[in-house]
Protein chains: 2
Amino acid sequence: MINGVAITQLAQRVGQTPFYAYDRSVIRQNIEQLRQHFGDLAHLHYAIKANPMPALVDFIAPLVDGLDVASGRELTVALNSGAPTHQISFAGPGKNETELLMALASGITINIESERELERIIDLSQQQGYLGNVAVRVNPDFELKTSGMKMGGGAQQFGIDADRVPAVVQKILAAGMNFQGFHIFTGSQNLNANAICEAHNNIYQLASELKKQCDVEIARLNIGGGLGIPYFPGETPIELAPIAENLKQLQAQYQYDFENTEIVLELGRYLVGNAGVFISSVLDIKESRGETFVVVDGGLHHHLAASGNFGQVIRKNYPLAVANKVDCKPENTVNIVGPLCTPLDLLGNKVELPQIEVNDLIVVYQSGAYGYTASPRDFLSHPAPVEVLV
Amino acid sequence: MINGVAITQLAQRVGQTPFYAYDRSVIRQNIEQLRQHFGDLAHLHYAIKANPMPALVDFIAPLVDGLDVASGRELTVALNSGAPTHQISFAGPGKNETELLMALASGITINIESERELERIIDLSQQQGYLGNVAVRVNPDFELKTSGMKMGGGAQQFGIDADRVPAVVQKILAAGMNFQGFHIFTGSQNLNANAICEAHNNIYQLASELKKQCDVEIARLNIGGGLGIPYFPGETPIELAPIAENLKQLQAQYQYDFENTEIVLELGRYLVGNAGVFISSVLDIKESRGETFVVVDGGLHHHLAASGNFGQVIRKNYPLAVANKVDCKPENTVNIVGPLCTPLDLLGNKVELPQIEVNDLIVVYQSGAYGYTASPRDFLSHPAPVEVLV
């Protein structure tokens with residue numbers, strides 16, 4: 001069931017497979033759960049990159065406190081959602097001239113990623129007569145431990161090294177721009193609450209030091225997100241309570257530094273990842289030398305991460321089921337493969353599933369983030385999936 | 001230079017970066033070189049999946065003896081090129097009903113991948129009154145050694161296990177369909193001529209046995225391709241002479257079996273891979289903790305394979321250069337990164353290049369195959385690259 005609609009009925013309503021379906025009720029629950037834990041501790045932002053489907057962004061925008069974009073096209077989606085411009089921020093190490101001007105003209109906050117970028121923004125804002133709201137993305141001097149993907153610490157393409165930040169802030173102030181604060185983000189897809197707490201401790205300490213060194217008020221401190229979701233056997237949801245408890249302590253400890261500072265948790269995958277499924281139909285079932293191959297009309301070209309080919313070192317199966325046979329017991333061990341002429345097109349390796357027939361609907365769970373847009377949809381020129389918000 | 005046009009001039013002619021450029025003269029040379037070696041030994045087919053850009057397919061179609069497609073949309077491109085329908089074949093383990101009917105209605109050859117698929121084709125051809133040209137894709141009982149990607153041998157989603165082939169051929173003949181022969185393909189991206197020769201030996205032997213078991217004439221024997229191109233340091237081009245020599249011996253050895261058989265070499269990457277470059281512009285250059293990061297406007301969303309995230313186990317750099325400084329000596333060790341907010345967006349890790357400035361053009365070589373269409377172009381909603389044939 002996707003928000004009360006059976007997947008079999010939904011497939012008819014969509015009119016084709018493969019498709020992605022995103023469940024409004026699950027997204028709402030995710031946000032409510034976060035509000036319960038972080039309601040008076042932090043603002044919640046949605047990082048559009050996780051899933052930029054316009055209808056989904058329009059749905060989420062009024063439920064959160066802001067949107068974060070990573071490109072000009074994402075900015076357009078964010079503005080179309082009606083989110084107030086002062087609640088939109090733009091990060092990314094390679095913003096081009098057009099994108100910088102889009103950001104200035106719309107009045108959103110630009111997270112500066114390099115000193116040269118700041119110079120370009122100062123030039124553009126002076127040429128065009130825009131004030132310019134800027135925050136500084138800081139490349140911290142610590143790492144997020146046990147993270148799926150590290151994005152801070154050491155040499156990085158992201159942000160400005162912590163020791164260069166005071167000079168950059170002085171340049172912002174000297175140019176008369178509206179300094180908004182810091183963005184300190186260290187990594188993503190983390191399931192370990194202790195690692196997140198430690199990162200938050202380090203972020204607060206660094207932000208406090210930078211505040212003293214820069215001698216400015218910090219209107220907003222974006223502490224990133226990094227909350228992961230479980231994909232594979234043995235993974236469990238991250239515990240929010242200890243993270244919230246730790247954040248509360250940090251706010252008490254640093255109350256004089258950040259009394260008037262808006263703390264922002266920026267989450268992408270965590271808001272939408274478990275709200276999405278990817279559905280494909282069985283085209284063929286074949287035996288080859290003792291193994292069963294179930295060929296479906298969806299594959300790596302639609303859902304690259306589920307095929308295990310997007311940056312993963314060891315391929316693991318995403319959770320899978322037969323939508324029209326969820327009450328049936330597993331009977332067979334099968335391989336679920338896509339329609340492409342490549343052995344990389346594998347959605348399930350030796351999965352236990354009920355007896356499968358042609359036209360059965362195969363569900364890939366945990367597909368709400370980094371699915372549709374993160375896949376090479378023209379690879380072998382097969383039909384693209386449809387996306388629906390239910 | 002791309003077919004006589006300097007890349008700097010080409011960038012102006014294209015009007016944007018990033019872009020892919022494919023060089024007609026290199027494609028023509030590749031084909032001429034193959035003709036020199038295999039001219040009277042085998043027909044040459046182009047596997048469109050490597051690069052389905054319509055202008056490129058239109059250019060290649062008259063230079064080769066046939067086209068191989070992997071989807072309905074590729075079939076449309078092939079038909080649009082004007083290639084004769086009897087020289088087009090369609091392989092793929094997950095052909096849907098629409099695609100099978102497209103294939104029957106256009107009169108091309110369908111490579112059957114399963115017994116169930118054959119039943120569907122027989123039903124459809126009888127319902128619609130089409131004769132149906134079919135060949136059998138055989139999953140052989142041997143593997144291609146030292147191959148980048150194995151696609152035959154063992155349990156596979158591709159083709160019909162060799163021991164089931166005689167029964168399948170009988171079914172084809174009994175249904176009154178036009179049996180075209182066999183397609184035996186074992187793997188791709190192989191740089192070892194001996195491995196290809198051994199595969200060819202095995203293919204001829206298996207085809208000969210199957211011919212005897214089935215007691216039919218083989219109009220066409222597609223022996224696949226598998227010829228790799230060098231991407232990384234230490235890799236060298238595959239030697240064609242020993243492969244041609246071996247093929248000549250095989251044709252003598254099996255002359256009674258395949259006297260009237262058209263032997264087909266099906267090549268994708270080998271025809272176009274070295275003919276393409278991917279060009280992006282430098283947006284920013286930044287130092288972080290002792291390393292230099294060159295941020296360009298092209299990245300993994302445009303060229304997933306070059307970022308090392310498409311099925312590669314160990315990331316290696318594709319060959320890189322600064323287009324407007326090809327005559328300058330390497331001076332610095334830099335990282336070339338794309339504009340995305342992910343550390344996966346890396347085109348060059350610690351590359352020695354001349355002094356780089358903003359707006360310099362970075363070239364990724366060996367980008368003519370599995371680039372544009374094999375990349376998640378909507379990932380983070382950045383502008384798509386343009387493709388040009390020069």
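This is a predicted model: local features need pLDDT of at least 70, side-chain atom pairs count only at pLDDT 80 or more; totals for chains, interfaces and linings use all residues.
1. Two strands pair if DSSP finds at least two bridges between them. Four bridges join strand β13 (residues 276–288) of chain A to β18(A), and the two run antiparallel. Within that pairing, Ile279(A) stands opposite Val363(A).

2. Strand β18(A) also pairs with strand β15 (residues 320–322) of chain A, through three bridges and again in antiparallel fashion. Here Val363(A) is the bridge partner of Ala321(A).

3. What happens to the side chains of β18(A), which covers residues 361–364? Leu361(A) and Val363(A) point one way, Ile362(A) and Val364(A) point the other way, and all are buried.

4. Chain A as a whole has 10 helices and 19 strands. Its C-alpha atoms fill a box of roughly 70 × 45 × 35 Å along the principal axes. A compact globule of 390 residues would have a radius of gyration near 21 Å, and chain A agrees with this at 22 Å. Of its residues, 64% count as buried. Among contacts in chain A with a separation of 6 or more, 72% are between residues 24 or more positions apart.

5. Val337(A) lies in strand β16 (residues 332–337) of chain A. Buried means under 20% relative accessible area, so Val337(A), at 0%, is buried. Beyond residues up to four places away in sequence, Val337(A) touches several others, including Phe293(A), Val295(A), Leu347(A) and, from chain B, Gln157(B). Ile285(A) is 52 residues from Val337(A) in sequence, with 9.9 Å between their C-alpha atoms.

6. The largest nonpolar core has 235 residues. Tyr46(A), Phe182(A), Tyr46(B) and Phe182(B) touch the most other members of that core. In soluble globular proteins, nonpolar side chains tend to be buried together.

7. Tyr46(B) deserves a separate entry. Leaving aside neighbours within four places in sequence, its contacts include Leu56(B), Ile60(B), Leu67(B), Asp68(B) and Leu271(B). Strand β2 (residues 43–47) of chain B runs parallel to β3(B), to which three bridges join it. His45(B) has Gly66(B) in β3(B) as its bridge partner. Strand β3 (residues 66–69) of chain B is covered on both faces, with Gly66(B) and Asp68(B) buried on one side and Leu67(B) and Val69(B) buried on the other.

8. Helix α9 of chain B covers residues 241–253. Which residues of α9(B) are buried? They are Ile243(B), Ala244(B), Asn246(B), Leu247(B) and Leu250(B). Seen down the helix axis, the buried residues fall within an arc of 160°, so they line one face of α9(B). Their cover includes α2 (24–38) and α8 (193–214) of chain B.

9. The peptide bond between Thr17(A) and Pro18(A) is cis, with omega about -5°, and Pro18(A) lies in the loop between α1 (7–14) and β1 (19–22) of chain A. In chain B, the bond from Thr17(B) to Pro18(B) is cis, with omega near -5°.

10. Two residues other than glycine have positive phi values. Leu380(A) has phi near 70°; this residue is in the loop between β18 and β19 (386–389) of chain A and counts as buried at 2% relative accessibility. Lys350(B) has phi near 55° and lies in strand β17 (residues 346–353) of chain B.

Note on methods
Residues are numbered from 1 along each chain as its sequence is written. Chains are lettered from A and ligands numbered from 1 in the order in which they are written. Side-chain values use heavy atoms; hydrogens and water are left out. A nonpolar core is a set of buried Ala, Val, Leu, Ile, Met, Phe, Trp, Tyr and Cys residues joined through side-chain atoms within 4.5 Å. Buried means under 20% relative accessible area, exposed over 50%, partly exposed in between (1.4 Å probe, protein chains only). Contact means heavy atoms within 4.5 Å. The expected span of a helix is 1.5 Å times one less than its number of residues. The arc is that of the directions from the helix axis to the C-beta atoms. The radius of gyration is taken over C-alpha atoms; the globule rule is 2.2 Å times the number of residues to the power 0.38.
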